[in-house]
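Here's a quick walk through one protein chain, from the overall build down to a handful of residues. Have the model open alongside and follow along.

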Amino acid sequence: MGIRLIVLDVDGCLTDGRIIYTAEGDEVKAFDVKDGLAVASWVRLGRQAAIITGRRSKIVERRAEELGIRHLYQAVQNKEERLERLLAELGLEAEEVAVIGDDLNDWGMLGRAGRSYAPADAVPMIRERVDRVLTAPGGRGAVREMIEDLLEREGLWEEYLRLWSAV
């Protein structure tokens with residue numbers, strides 16, 4: 001069966017969790033390109049990716065589009081419930097999903113996933129809840145580390161490397 005879908009939180013996972021506002025009130029977020037390459041590669045391998053986040057941001061819409069993430073859910077109050085609906089829509093079992101989260105609003109969906117991850121700088125309760133605490137902090141390679149762990153577990157490492165080889 002294996003992992004067919006990864007679910008990503010944004011603030012604290014895809015970003016370092018900081019929210020920066022300009023003097024004009026515009027929001028600024030920084031994304032790690034290494035995380036992005038891994039997400040785009042996961043999608044190119046025929047797997048699926050989703051973002052489930054508690055905040056709403058045009059920046060996140062743009063990033064999801066750039067990475068080929070087709071399932072984007074923003075301003076979600078109950079992430080576990082949204083994950084359950086997504087699983088039903090896609091015809092997937094919980095065991096086919098890996099989730100990364102860093103804070104208490106991710107608690108439910110982390111407990112529902114077949115495989116769960118947290119960045120190194122996640123809050124202590126989340127670090128205790130997940131299957132694996134990553135060595136990288138949020139927004140600085142944690143998502144990449146999660147995906148590469150999954151690629152190794154799923155036996156997809158060679159196929160992943162072929163995506164980027166000239167041969």
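What follows starts with the whole chain and then goes residue by residue.

## Ground rules

This is a predicted model, so to speak of local features pLDDT has to be at least 70, side-chain atom pairs count only at pLDDT 80 or more, and totals for chains, interfaces and linings use all residues. Residues are numbered from 1 along each chain as its sequence is written, and side-chain values use heavy atoms, with hydrogens and water left out.

## The chain as a whole

How does the radius of gyration sit with a compact globule? The chain has 15 Å, which agrees with the value near 15 Å for a compact globule of 167 residues. That radius is taken over C-alpha atoms, and the globule rule is 2.2 Å times the number of residues to the power 0.38. Along its principal axes, the C-alpha trace spans about 50 × 35 × 30 Å.

Of the 167 residues, 48% are buried (under 20% relative accessible area; exposed is over 50%, and partly exposed is in between, with a 1.4 Å probe and protein chains only). The accessible surface comes to about 8400 Å², and 47% of that belongs to carbon and sulfur atoms; the areas come from the Shrake-Rupley method with a 1.4 Å probe, and for residues only the protein chains shown count as cover.

Looking at contacts between residues at least 6 apart in sequence, 53% join residues at least 24 apart, where contact means heavy atoms within 4.5 Å. As for charges, the mean positions of the 24 positive and 31 negative ones are 2 Å apart. Lys and Arg count as positive and Asp and Glu as negative, while His and the chain ends are not counted; each charge is placed at NZ of Lys, CZ of Arg, CG of Asp or CD of Glu.

R63 sits in helix α3, residues 58-67. Is R63 buried or exposed? With 14% relative accessibility, R63 counts as buried. Its side chain makes a polar contact of 3.0 Å with the side chain of E66. A polar contact here is a pair of N or O atoms within 3.5 Å; within protein, one must be able to donate a hydrogen and the other to accept it, and residues adjacent in sequence count only if both atoms are side-chain atoms. Setting aside neighbours within four places in sequence, R63 touches F31, D32, V33 and G36.

R47 is in the loop between α2 (33-44) and β4 (48-52), and at 11% relative accessibility R47 is buried too. A polar atom of the R47 side chain lies 2.4 Å from the backbone oxygen of I3. Beyond four places in sequence, R47 is in contact with I3, R4, W42, E154 and L156.

## L67 and its partners

L67 is found in helix α3, and its relative accessible area of 7% makes it buried. Which residues does L67 contact, leaving aside neighbours within four places in sequence? They are G36, V39, A40 and V43. A120 is 53 residues from L67 along the chain, and their C-alpha atoms are separated by 23 Å.

## On the outside

Y21 lies in strand β2, residues 20-21, and is exposed at 51% relative accessible area. Its side chain still has a polar contact with the side chain of R55, at 3.3 Å. W107 is 86 residues from Y21 in sequence and 27 Å away in space, C-alpha to C-alpha.

E128, in helix α6 (residues 124-129), is exposed as well, at 67% relative accessibility. From E128 to A118 it is 10 residues in sequence and 9.3 Å in space, C-alpha to C-alpha.

## In between

E81 belongs to helix α4, residues 79-90, and is partly exposed at 46% relative accessibility. G108 is 27 residues from E81 along the chain, with 8.3 Å between the C-alpha atoms.

A75 is in the loop between β5 (71-73) and α4, and is partly exposed with a relative accessible area of 35%. What is phi of A75? It is near 55°, a positive value in a residue other than glycine.

Notes. Helices (H or I, at least four residues) and strands (E, at least two) are DSSP runs, numbered from the N terminus.
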